[in-house]
Amino acid sequence: MPDTSVMIRDTAKKLLDEKRVDLIIGFEKGTLPLRSTPCFVRTSQETEKLIWNASCENNLARYLRGRKEKVGIVAKGCDTRSIISLIKEKQVAREQVFIIGVPCHGMIDRRKIEAKLDGKEILEADEVTEGVILKGSGFTEIVDKAEFLHNSCSTCSYRNPVIYDALIGDKVEENRGIDEYGEVKEFEAQSADKRWHSFTNEISKCIRCYACRNACPLCYCQECFVDSSQPQWIGKTTNLSDTSIFHIVRVFHTAGRCVDCGACDRACPMGIDIRKLTKKIEKDVKELFHYQAGINLEDVPPLAAFSLDDPQQFVR
Amino acid sequence: MKEVKIAKNELVSFLDSLISEYKVFAPVKRDGFVAFQEIHSGSDALLDYVNSKKPPKEIFLPQSEVLFSYHLGGEGLGIEEPSFEDKQTVIFGIRPCDARSLVILDNIFNSQEYKDVYYTDKREKTLVIAIGCNQPSSTCFCTSVGGGPFSSDGSDLLLIDIDQEYVAQAVTDKGEKLVTKHSQFREVERRSLSLMQKVTQRAGALIRTKIETGAIAEKLAVMFDDAFWDWLHEKCLGCAVCTYLCPTCHCFDIADETLDQTGRRVRIWDTCAFPLFTLEASGVNPRPTGKERMRQRVMHKFKYFVDNHNVAACVGCGRCIKECPVNLDIRAVLNSILNR
Amino acid sequence: MKNPYIPIAMRAEKIVIETDDKNIKTFSLSFLNKAEESSFNYLPGQFAQLSVLGEGEAPFGIASSPTQPGALDFTVNEIGVLTTALHNLEEGAIIGVRGPLGNCFPIELFKGKNIAIVGGGFAFTTLRSLLKYILHQENRSKFGNVTVIYGARRPGLLLYKDEFKQWEVRPELDVYLTVDKADEGWRGKVGVVPNVIKEVAPSPEDAYAVVCGSPIMIKFTLPVLIRLRFPPQRIILSLEMKMKCGIGKCGRCNIGNKYVC
Amino acid sequence: MQQPDEKVDGWEPKIIAFLCNWCSYAGADLAGVSRFQYPPNTRIIRVPCSSRISPLLILKSLQRGADGVLVSGCHPDDCHYLSGNYVARRKFAILNNLLEYLGIEKGRVHFAWVSAAEGKRFAELITEITEEVRVLGPAKELVKKQD
């Protein structure tokens with residue numbers, strides 16, 4: 001089977017040459033081991049830069065909005081789900097995007113690997129069939145990729161693109177028998193005090209850099225509530241109450257839209273477990289309204305709809 | 001410069017004696033990363049680490065700092081200026097790049113022309129003990145921006161790890177007084193000094209990135225309208241990771257925080273990456289897109305700062321490289337500028 | 001060193017509505033004590049930060065002239081949080097003021113020269129300060145001819161109407177008021193400021209031009225002045241950007257390596 | 001609002017009630033006109049519809065010293081705007097779960113349907129909620145303190 005990167009390049013080149021798109025958004029090699037970086041390709045020569053590997057972790061759907069040109073986008077399963085959400089919310093027109101779907105085996109969480117190496121720096125990383133070869137000063141190690149996937153990847157049940165105009169390679173087998181809400185359930189089982197304590201402990205790390213918001217393809221409000229001055233909803237410091245409200249409301253805003261791509265979680269420089277919040281919302285939306293974001297173009301988003309017999313035990 | 005040595009097994013007792021006299025900040029492991037925090041026992045200090053997640057600038061320029069407090073509803077403005085802590089402070093274990101960042105920040109907050117009372121108070125009460133970098137990280141590029149793994153800029157005392165002991169270089173009078181006062185510091189033998197030389201040479205060679213930044217400001221001088229900026233920002237998310245984690249970024253916002261009848265006017269980190277940074281009340285934004293904002297960041301660090309203070313506002317610590325969510329690498333940016 | 005972040009308290013003695021849309025008011029603030037007044041030394045072109053505690057602070061050009069002691073005037077357009085808070089104040093209210101900040105017009109250079117003062121919209125505040133300074137009896141003889149060209153979108157939006165009435169009749173002052181759209185009873189010129197400059201054509205001989213207005217007005221005014229042969233170094237622009245500290249530290253108001261404040 | 005630090009003598013719960021203009025507010029009005037007694041701890045804010053309430057208003061109330069928050073609108077099928085309360089119901093179902101998940105005490109945030117005819121029910125509801133919040137004591141979790 002030809003290499004995925006090569007197939008992506010060929011497809012991109014063809015699309016540009018045939019002028020079916022003006023721009024390809026994909027990944028190129030990053031400057032650090034285990035890192036790739038988004039790249040924007042406008043000529044067929046530049047398509048040589050395009051790559052695919054287990055460090056293509058960014059959700060490129062984030063770059064789709066507000067474009068006038070026709071765009072080809074390299075998209076994993078989760079990216080295509082975000083694109084669906086964007087199309088439903090009329091932020092992107094279906095005909096404007098050419099989706100180059102790439103079946104995904106999951107992306108590597110380099111922080112997990114770094115934690116395992118306990119301070120030893122990785123200077124080189126090579127993906128091979130058996131795993132990932134890590135080289136550093138005075139050590140070479142081979143690790144099993146599956147062990148170091150992002151949490152959102154190891155519980156993902158949409159590894160294959162949900163919609164696409166071209167599919168790169170063969171579909172991969174979906175995860176089966178994994179309880180994707182395991183962590184949420186574990187958290188739910190704790191006492192309220194404990195939950196509040198761990199929530200605030202996480203949030204106290206927040207430096208208000210808004211990387212979570214800015215990495216999220218669905219966080220696109222013209223004016224985010226945290227930036228509004230009239231009214232000013234929350235203060236601008238890292239006061240715990242203010243940062244808590246920021247995270248609660250941001251997460252709430254993802255209801256029925258979040259596809260658990262993990263972009264917010266990965267972007268956070270302070271390692272805040274944001275996914276523990278988004279995943280809860282996702283779980284509730286599924287349980288309460290039988291809706292999952294980004295799995296088809298037809299279902300009406302749950303907060304834009306209602307049913308006469310929606311649950312209301314919580315209402316007096 | 002006075003050179004002495006301290007045995008590694010005496011470091012904890014040295015720190016303990018510092019703690020009895022000073023408020024001591026040292027690297028500790030917290031929530032899975034390294035942070036500078038006040039320690040209450042010498043053994044709490046982490047010695048084996050690369051660098052802290054957040055730069056120690058926050059000790060001098062906290063993310064939010066009270067400029068003054070006020071009480072509403074009374075006569076006049078009801079302003080109360082903050083009082084400053086009396087206690088002298090020590091920062092132990094800061095890396096030379098971060099120590100150097102303090103010298104760069106001094107240009108803004110502690111110069112001949114202007115002394116920021118909040119910053120200067122803390123700066124003048126603080127003794128900086130740096131530890132040189134025997135194992136620079138692959139993202140370090142201090143030597144390209146005027147520093148080095150054993151640069152003593154900004155330190156009062158610089159410790160150099162030579163296996164069983166540290167060679168201690170007293171860089172300032174403050175540092176010298178400290179080593180004279182504390183009995184853990186002893187005369188250094190020739191053998192240790194030659195060992196030190198080996199260590200520093202080896203570490204210097206470990207820094208792989210070499211960028212000739214000398215010409216950057218000149219290049220940037222004619223690049224304001226360059227097409228380069230049209231694409232450079234394209235993948236940037238516009239978050240504040242690179243600026244908030246930068247040891248030299250110092251831009252701030254000022255806001256009032258009122259609860260009930262009392263409030264505080266606070267100075268808060270702000271960043272040129274946010275549209276709000278320059279958005280005017282009228283709705284006009286002179287830096288309307290990522291292009292202008294990215295240009296501002298690069299220009300501020302490598303052109304305007306050089307014009308105004310004769311030094312780039314970058315110490316090559318590599319935090320922005322490590323933490324950028326989309327791997328927008330400042331080294332690559334600098335190289336592209338140089339290649340234009 | 002004095003802490004530049006601490007405002008002094010001043011009293012709003014008089015608040016005057018300037019424009020017919022009631023969006024612009026001029027606040028006359030008086031010092032509460034002599035010591036504060038004598039340490040507030042400013043020249044035309046400088047600004048100050050006005051505080052309404054709890055709401056924040058914002059920079060405003062000083063619209064009064066140092067030749068009128070005892071008070072500072074600020075003309076404020078209601079547009080954001082702080083300006084709204086200011087507009088909600090009543091006479092007698094205490095306002096925080098810190099300054100003077102920024103640079104003044106290069107008044108020393110103006111001495112012995114002719115001056116063309118060009119303003120647009122509500123950007124006539126620091127120009128009013130300059131004009132009043134020049135017209136002060138002790139200063140008038142130090143400057144040459146003064147031409148004032150001031151425009152607004154419509155007559156109701158012109159500032160300082162009463163003062164302009166007095167200035168217009170002064171023989172040694174050429175005053176041209178213009179509006180984009182005239183109404184009944186308008187006797188001044190009609191047209192945008194750059195066109196009026198073209199028409200009036202102040203002589204560049206031994207002259208300085210001082211321009212303050214919206215970026216768009218400045219953009220179209222500059223070529224006109226250049227065509228009239230004003231050398232660029234004798235065109236003085238007053239710029240404004242969003243500011244926080246006002247003392248060159250907070251890092252947002254720069255244009256190139258220069259801080260606007 | 002002055003926030004007592006702990007449950008002290010003399011402390012009274014403060015409750016913010018967002019009432020929809022068409023049903024619940026009229027219900028409160030009827031309670032008043034009918035002279036049904038209920039505790040005076042509630043501050044009422046009239047809103048056009050329960051769906052107008054953003055989570056921000058609820059959280060901000062808790063942040064700034066409310067010990068309890070009530071959002072009340074028309075019964076299902078009675079919305080003046082036909083479906084506002086149905087949409088609100090979905091929104092609040094998620095919010096309610098999320099707040100509980102984070103560990104914010106149960107009983108701080110309440111949702112209810114009260115019609116214009118239910119003056120008595122309104123008085124009872126407020127009495128119940130006030131007592132529940134009184135038992136919980138002053139709000140702690142999201143209260144903003146100067147740090």
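Modeller: Two residues are in contact if their C-beta atoms, placed from the backbone, lie within 7 Å; by that criterion, in this predicted model, the contact takes 28 residues from chain A and 31 residues from chain B.

Colleague: Which elements give two or more residues to the side of chain A that touches chain B, and what is the make-up of that side by class?

Modeller: Strand S2 (36-41), helix H7 (211-215) and helix H9 (263-267) of chain A each give two or more residues, and the side as a whole has 12 nonpolar, 10 polar and 6 charged residues.

Colleague: Why do S2 and S8 of chain A stand at the edges of their sheet?

Modeller: The open sheet of 5 strands in chain A has the order S2-S1-S3-S4-S8, with mixed pairing; S2 and strand S8 (166-167) each have a single partner strand, so one side of each is left without a neighbour in the sheet.

Colleague: How do you know that S4 and S8 of chain A are joined?

Modeller: Strands pair if there are at least two bridges between them, and 2 bridges join strand S4 (residues 97-101) of chain A to S8(A), the two running parallel; Ile100(A), for instance, has Ala166(A) as its bridge partner in S8(A). Helix H1 (residues 4-17) of chain A packs on this sheet, touching S1, S2, S3, S4 and S8 of chain A, and its direction makes about 150° with that of S1(A), which is over 145 and therefore counts as roughly antiparallel.

Colleague: What makes S4 and S5 of chain C the edge strands?

Modeller: In chain C, 6 strands form an open sheet in the order S4-S3-S6-S1-S2-S5, with antiparallel pairing, and strand S4 (56-61) and strand S5 (71-77) of chain C each pair on one side only. The partner of S5(C) is strand S2 (residues 24-31) of chain C, which 7 bridges join to S5(C) in an antiparallel run; in S5(C), Asn77(C) is the bridge partner of Ile24(C).

Colleague: Why is H6(C) called roughly parallel to H7(C)?

Modeller: The axes of helix H6 (residues 193-200) and helix H7 (residues 215-227) of chain C come within 8 Å and cross at roughly 20°; angles under 35 degrees count as roughly parallel, so H6(C) is roughly parallel to H7(C). Their crossing is right-handed.

Colleague: Which residues make the contact of H6(C) with H7(C), and how many of them are nonpolar?

Modeller: Val193(C), Pro194(C), Ile197(C) and Lys198(C) of H6(C) meet Met217(C), Phe220(C), Thr221(C), Val224(C) and Leu225(C) of H7(C), and by class the contact has 7 nonpolar, 1 polar and 1 charged residues.

Key. Residues numbered from 1 in each chain as written. Chains lettered and ligands numbered in written order. Predicted model: local features only at pLDDT ≥ 70, side-chain atom pairs only at ≥ 80, totals over all residues. Axes fitted to C-alpha atoms, helices over the stretch in contact; angles between N-to-C directions. Helix = DSSP H or I, 4+ residues; strand = E, 2+ residues; numbered from the N terminus. Parallel < 35°, antiparallel > 145°, perpendicular 65-115°, else oblique. Left-handed = near helix turned anticlockwise from the far one by under 90°. Nonpolar A, V, L, I, M, F, W, Y, C, P; charged D, E, K, R; others polar.
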